[in-house]
Amino acid sequence: MTLPIENYLAAFPPVRTVRMGWLRRPVVLGPLTLGKCVLIDALGVDPCRTISENDAALVAYVLSLPSQPSQPSQLAFNRFSRRVKRNLKPLCKAVNETMNDAFATYVKPQPAKGPAKTTPSGIGWWLSYAEALCGDYGWTWQQVLDTPLATVFALAVSQRERYGIDNGDSDYIERAYIKEHFKHG
């Protein structure tokens, strides 16, 4: 059986270079880290959904920031936005591919036991993942925020396996097995 793609994405999240004919320098989209995911969400774009052309420049800007982004400035974003605004289709495509790679390693946990809650509660999914990485691996807060999301999700699956907790969905080997043995047509 082939190595599941999720293993590769968790270890080596791709960096995308988007070349647009009128730009001197290409736009380089780094992997979606946990910190950048939080920043995108804080800027009003849901990172768990397909990114629209309207939001592509904003998300691309965040993905192009260094690994430890500080508070992004409006002026820097405006400059970036002017550079890419002519044709957002290739940028939007690259942004969504980057986001898809980040979420490809996600495996649903088991649903919670007991009655379903009717109101939102908890601390938020990203903070739960960050706390688990700090607690289990002794990482600093900054190390956790700089970790690619694909790696964060893969480590969560590994943590469940280590603690004997079943997943609520197929794991990477099961996905590869199903894809390899149950091809349609």
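**Exercise 1. Find the element that holds Thr151, then decide whether Thr151 is buried or exposed.**

Solution. Start with the element: Thr151 sits in helix 8. Helices here are DSSP runs of H or I with at least four residues, strands are runs of E with at least two, and both are numbered from the N terminus. Before going on, note that this is a predicted model, where local features need pLDDT of at least 70, side-chain atom pairs count only at pLDDT 80 or more, and totals for chains, interfaces and linings use all residues. Residues are numbered from 1 along each chain as its sequence is written, and side-chain values use heavy atoms, with hydrogens and water left out.

Next, the surface: Thr151 has a relative accessible area of 17%, so it is buried (buried is under 20% relative accessible area, exposed over 50%, partly exposed in between, with a 1.4 Å probe and protein chains only). Then the neighbours: skipping residues up to four places away in sequence, Thr151 touches Ala10 and Pro13 (contact means heavy atoms within 4.5 Å). Finally, a distance check: Thr151 and Ala76 are 75 residues apart in sequence and 29 Å apart in space, C-alpha to C-alpha.

**Exercise 2. Describe the overall fold of the protein chain.**

Solution. Count the elements: there are nine helices and two strands. Now read them off from the N terminus: α-β-β-α-α-α-α-α-α-α-α. For extent, the C-alpha trace spans about 50 × 45 × 35 Å along its principal axes. Of the 185 residues, 36% count as buried. Last, take contacts between residues at least 6 apart in sequence: 70% of those join residues at least 24 apart.

**Exercise 3. Work out how many disulfides the structure holds, and why Cys92 is in none.**

Solution. The cut-off is two cysteine sulfur atoms within 2.5 Å. By that test the structure holds zero disulfides. Cys37 is in none, with its nearest cysteine sulfur, that of Cys48, 6.0 Å away. Cys92 can't pair up because its sulfur is 16 Å from the closest cysteine sulfur, in Cys48, too far for a bond.

**Exercise 4. Classify the ring pair of Tyr129 and Phe153.**

Solution. Rings of Phe, Tyr and Trp (its six-membered ring) pair if their centres lie within 6.5 Å; planes under 30 degrees apart are stacked, over 60 edge-to-face, and the rest tilted. The structure holds 10 such aromatic pairs. For Tyr129 and Phe153, the centres are 5.2 Å apart with 75° between the planes, which is edge-to-face. The pair links distant parts of the chain, 24 residues apart: Tyr129 in helix 6 (residues 125-137) and Phe153 in helix 8 (residues 149-162). Both residues, Tyr129 and Phe153, are buried. Zoom out, and ring pairs link Phe103, Tyr106, Trp125, Tyr129 and Phe153 into a cluster.
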